[in-house]
Amino acid sequence: MLLRAKDVEVSFGTHLVLRGADLVVNRGECVALIGNNGSGKSTLLKVLAGTLVPNHGEVERNAPAGLLEQNPRLPGSTVGEALAESQTWHQELLDNYQSAVERGDMDAASTYQDRLDDVGWDLNHRVEAIRERLQAPSSDTSVDVLSGGQRRRVALARALLRTPDLLLLDEPTNHLDAEAIEWLQGFLAGYRGAVVLVTHDRYLLEAVADRIVEVEDGLTVSYNGSYADYLVARAERRARLEKAEMSRVATLAREAAWASRSPAA
């Protein structure tokens, strides 16, 4: 288990956005948060990332998380600097490996080496490849002149380059064309960590989601399977709830009719 959120409540003033949301995310899963606009999906994503502290509830994180927000801020003065900042984890890994070798700690060095063998010893080519795939501006472009869409593409590239164990994405396909979206689908489908995403893109949901979590009335309902599986399961659940409600109303009507006759005690 990478993350568990239990009984999460978030309010802004008198407005209660989440009133008992639960979520468990395991390694290798791709979980999609869906719901109406304003239902609390983005709020829940920020709670999962740790950038928003809930008013009530518990969030247990067993791995670092990376978040793509809808209105991201970019560090540095150029696109290249913003992308390079997302790679500080890799330089730390190289430094830790070198330090372990110098002090003769071969066990630690072997662990760092295995990780570097897995992610790559030089990521410069990967940075450029992802930037180009997402059609982000050139590395020497000033961040001050970026449009909203360009800023989002750079921020998405940064999130993917960080390769966190838990990747949290809020509307990642916004401002992407069909070619970039298709590439993103393949990237997320093969991601080794876990992914939690908020999106209205039904094609992306069907392509990558293993589980759908619906956020409604401040609560969460989990459905296993793809988006198509969710549609079927949701319709069945709604039918059961409606049947139960009709039965409850019929019972209340019978009791009201009985009470109206003023029976003797």
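The legends below describe close-up views of a predicted model.

**View 1**

**View 1. The pairing of strands β6 and β7.**
Strands of a sheet pair through backbone hydrogen bonds, and they do so either parallel or antiparallel. Strand β6 (residues 166-170) and strand β7 (residues 194-198) run parallel and are joined by 5 bridges. Within this pairing, Leu167 has Val195 of β7 as its bridge partner.

The buried residues of α1 (residues 41-49) are Lys41, Thr43, Leu44, Leu45, Val47 and Leu48. The helix is followed by Gly50, which has a positive phi, near 90 degrees.

**View 2. The packing of helices α5 and α6.**
Helix α5 (residues 124-133) packs with helix α6 (residues 148-162) at an angle of about 145 degrees, and the axes of the two helices are 10 Å apart. The crossing in which α5 passes α6 is right-handed. Arg126, Val127 and Ile130 of α5 make the contact together with Ala157, Leu160 and Leu161 of α6, and by class this contact has 5 nonpolar, no polar and 1 charged residues.

**View 5**
The structure holds 5 aromatic pairs. In the pair formed by Phe187 and Tyr191, the ring centres are 5.9 Å apart and the planes stand at 35 degrees, so this pair is tilted. Phe187 is buried, with a relative accessible area of 17%, and Tyr191 is likewise buried, with a relative accessible area of 12%.

**View 3. The tilted pair of Tyr227 and Tyr230 in helix α9.**
The ring centres of Tyr227 and Tyr230 are 5.6 Å apart, with the planes at 35 degrees, so the pair counts as tilted. In helix α9 (residues 227-260), Tyr227 and Tyr230 are 3 residues apart and therefore separated by about one helical turn. Tyr227 counts as buried at 11% relative accessibility, and Tyr230 is buried with a relative accessible area of 4%.

Technical notes:
Residues numbered from 1 in each chain as written. Predicted model: local features only at pLDDT ≥ 70, side-chain atom pairs only at ≥ 80, totals over all residues. Heavy atoms only, no water. Buried < 20%, exposed > 50% of the residue type's maximum accessible area, 1.4 Å probe, protein only. Helix = DSSP H or I, 4+ residues; strand = E, 2+ residues; numbered from the N terminus. Axes fitted to C-alpha atoms, helices over the stretch in contact; angles between N-to-C directions. Left-handed = near helix turned anticlockwise from the far one by under 90°. Contact = heavy atoms within 4.5 Å. Nonpolar A, V, L, I, M, F, W, Y, C, P; charged D, E, K, R; others polar. Phe/Tyr/Trp six-rings, centres within 6.5 Å; stacked < 30°, edge-to-face > 60°. Pairing = 2+ DSSP bridges.
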